[in-house]
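Could you walk me through this model, from its overall makeup down to a few individual residues? Here is the structure, and a guided tour follows.

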Amino acid sequence: MPKGTKTKLKKKFTKKDLLEFKKIILKKKEEILDHIRHISENNLRKSQKELSGDISGYTYHMADVATDTYDREFSLGLASNEREILYELDEALRKIEEGTFGICESCKSVITKIRLKAVPYARFCVKCQRDKERT
Ligand SMILES: [Zn+2]
């Protein structure tokens with residue numbers, strides 16, 4: 001590596017870094033999915049009692065039923081926050097594949113590792129995040 005470029009270079013993360021972030025993201029995802037499963041099971045048990053007379057009306061529209069159940073499970077027990085994080089985690093994984101992971105969506109600078117380790121799905125660097133929260 002040529003001397004002097006080290007500090008100026010807005011270097012993307014190494015493969016090793018990305019692999020590490022991927023692990024963190026997948027682990028977080030697993031945790032949330034576990035939690036969702038847990039909540040869903042609880043809701044299922046509840047709703048089976050509550051809704052036992054209510055199901056027949058839906059049977060003709062299987063797609064609707066699926067969406068409906070899905071929404072119900074989420075809206076009943078799962079904080080929308082968690083659902084959002086799940087989405088963000090998937091986005092982060094996509095970005096790793098694309099090679100755009102860890103780049104601030106606003107100013108295009110590289111987000112610090114420390115921040116990404118705490119919030120692996122961060123879209124913005126600390127500065128831009130602060131700017132956004134202020135407005
Ligand atoms: Zn930024």
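**A walk through the helices**

Let's begin at Ile103, which sits in the loop between α4 and α5. Helices here are DSSP runs of H or I with at least four residues, strands are runs of E with at least two, and both are numbered from the N terminus. Keep in mind that this is a predicted model: local features need pLDDT of at least 70, side-chain atom pairs count only at pLDDT 80 or more, and totals for chains, interfaces and linings use all residues. Residues are numbered from 1 along each chain as its sequence is written.

Ile103 is partly exposed, because 19 other C-beta atoms lie within 10 Å. On this scale a residue is buried with 20 or more other C-beta atoms within 10 Å of its own, exposed with 12 or fewer, and partly exposed in between, the C-beta atoms being placed from the backbone. Ile103 touches Lys108, Val110 and Ile111, not counting residues up to four places away in sequence. Such a contact means that the two C-beta atoms, placed from the backbone, lie within 7 Å. Ile103 and Cys125 are 22 residues apart along the chain, and their C-alpha atoms are separated by 7.8 Å.

Lys108 belongs to that loop between α4 and α5 (113-118) too. Lys108 is exposed, because it has 11 other C-beta atoms within 10 Å. Its phi is near 65°, a positive value in a residue other than glycine. Most residues other than glycine have a negative phi.

Now step back to the whole protein. It has 6 helices and 0 strands, giving the pattern α-α-α-α-α-α along the sequence. Of its 135 residues, 10% count as buried. Among contacts between residues at least 6 apart in sequence, 62% join residues at least 24 apart.

How confident is the predictor? Its confidence in each residue is the pLDDT, which runs from 0 to 100. The mean pLDDT of the protein is 80, and 69% of its residues reach 70 or more. Over residues 4-8, pLDDT stays under 50, and the model has 0 contacts beyond four places in sequence for them. Where pLDDT is low, the predicted coordinates should not be read in detail.

The largest nonpolar core has 11 residues in all: Phe21, Ile25, Leu89, Ala92, Phe101, Ile111, Leu116, Tyr121, Ala122, Phe124 and Cys125. Helices α2 (15-50) and α4 (80-98) each supply at least two residues of this core. A nonpolar core is a set of buried Ala, Val, Leu, Ile, Met, Phe, Trp, Tyr and Cys residues joined through C-beta atoms within 7 Å. In soluble globular proteins, nonpolar side chains tend to be buried together. Phe101, one of the core residues, touches Phe13, Leu18, Phe21, Ala92, Lys95 and Ile96, leaving out residues up to four places away in sequence.

After α4 comes Gly99, with a positive phi near 85°.

Lys95 lies within α4 and is partly exposed, because 19 other C-beta atoms are within 10 Å. Beyond four places in sequence, Lys95 touches Thr100 and Phe101.

Finally, visit Ile24 in helix α2. Ile24 is partly exposed, because it has 17 other C-beta atoms within 10 Å. Leaving aside neighbours within four places in sequence, Ile24 is in contact with Lys117 and Pro120. Ile24 and Ala118 are 94 residues apart in sequence, yet 9.5 Å apart in space, C-alpha to C-alpha.

Notes: pLDDT = per-residue confidence, 0-100.
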